[in-house]
Amino acid sequence: MSSLVWDDGGDEDQAIAGLLHDAIEDAGQSYAGIGEQFGSTVANLVQDCTDPGKNQTRNPSDWFHWKRLYIESLSHKPVASLLVTAADKAHNAWDHLLDSQLDPTCLRWGWADLEAAAWYFLRLEQQFKLRLPGSRSVQRLSRAVEWIVALPAFCRLLPSGGDPLEWAGSYEKRHLDGPMSP
């Protein structure tokens, strides 16, 4: 992940944050502990990469709620943090895609099914494009989204003649309005 940050012109603190990006949410590390070892700049970057809802999720509707809040939070984060976060999300999207190609039964991502994961990565890409034009990580994320919505399993979900990106983008409306037939 740090190499993606470097590729995007990130600095040393951002590259270190790239290594530690999940330390708070997945490894039980604290903001204070990271700050003591690596400095407040790195600690702030790692904190900004932390999804506050990850460990709050108990069911699929919680997942959706927390992911919407996380996406909304991106418009307020410093660009330095977004550079690290974009690299993380591009990496995650490619992992999701590669996992599903190796094992077609593995089309879930955490609490999300394939449709929800496609929506999430698409919305992330849209937010990052606004704040990080020209970012290589955002380009990687865009390409992964294109491949995810081209998966045969995703295409089977589309209404006849439907556009895959539009269908992925409409997930939120369909989810909020209740089940909708393709």
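W119 is buried, with a relative accessible area of 1% (buried: under 20%; exposed: over 50%; partly exposed: in between; 1.4 Å probe, protein chains only). This is a predicted model, in which local features need pLDDT of at least 70 and side-chain atom pairs count only at pLDDT 80 or more, while totals for chains, interfaces and linings use all residues. Residues are numbered from 1 along each chain as its sequence is written, and side-chain values use heavy atoms, leaving out hydrogens and water.

User: Hi! How many residues apart in sequence are the parts that the pair of F64 and W119 ties together?

Analyst: Happy to look! The structure holds 5 aromatic pairs, where rings of Phe, Tyr and Trp (its six-membered ring) pair if their centres lie within 6.5 Å, with planes under 30 degrees apart called stacked, over 60 edge-to-face and the rest tilted. F64 and W119 form a tilted one, 4.9 Å centre to centre with 40° between the planes. Because F64 lies in helix α6 and W119 in helix α8, their pair ties together parts whose separation in sequence is 55 residues.

User: And which residue forms an aromatic pair with W119 at 6.0 Å centre to centre?

Analyst: That pair is also tilted, with 40° between the planes, and the partner of W119 is Y171. It links distant parts of the chain, 52 residues apart, with W119 in helix α8 and its partner in helix α12 (residues 171–177). Both W119 and this partner are buried, and ring pairs link F64, W119 and the partner into a cluster. The name you want is Y171.

User: How far is the backbone nitrogen of L19 from a polar atom of the side chain of S2?

Analyst: S2 is in helix α1 (residues 2–7) and counts as buried at 11% relative accessibility. Leaving aside residues up to four places away in sequence, S2 touches A15, G18 and L19, contact meaning heavy atoms within 4.5 Å. From the side chain of S2 to that nitrogen of L19, the distance is 3.4 Å.

User: How many disulfides does a search of the whole structure find?

Analyst: A disulfide is taken as a pair of cysteine sulfur atoms within 2.5 Å. C49 is buried at 1% relative accessible area, whereas C155 is partly exposed at 34%. The number found in the whole structure is 0.

User: Last one! Which residue's charged end sits over the ring of W167?

Analyst: A charge sits over a ring if NZ of Lys or CZ of Arg is within 6 Å of the ring centre and within 35 degrees of the ring normal. Here the charged end lies 3.6 Å from the centre of the W167 ring, and it belongs to R174.

How values were computed
Helix = DSSP H or I, 4+ residues; strand = E, 2+ residues; numbered from the N terminus. Polar contact = N/O pair within 3.5 Å; in protein donor to acceptor, adjacent residues only side chain to side chain.
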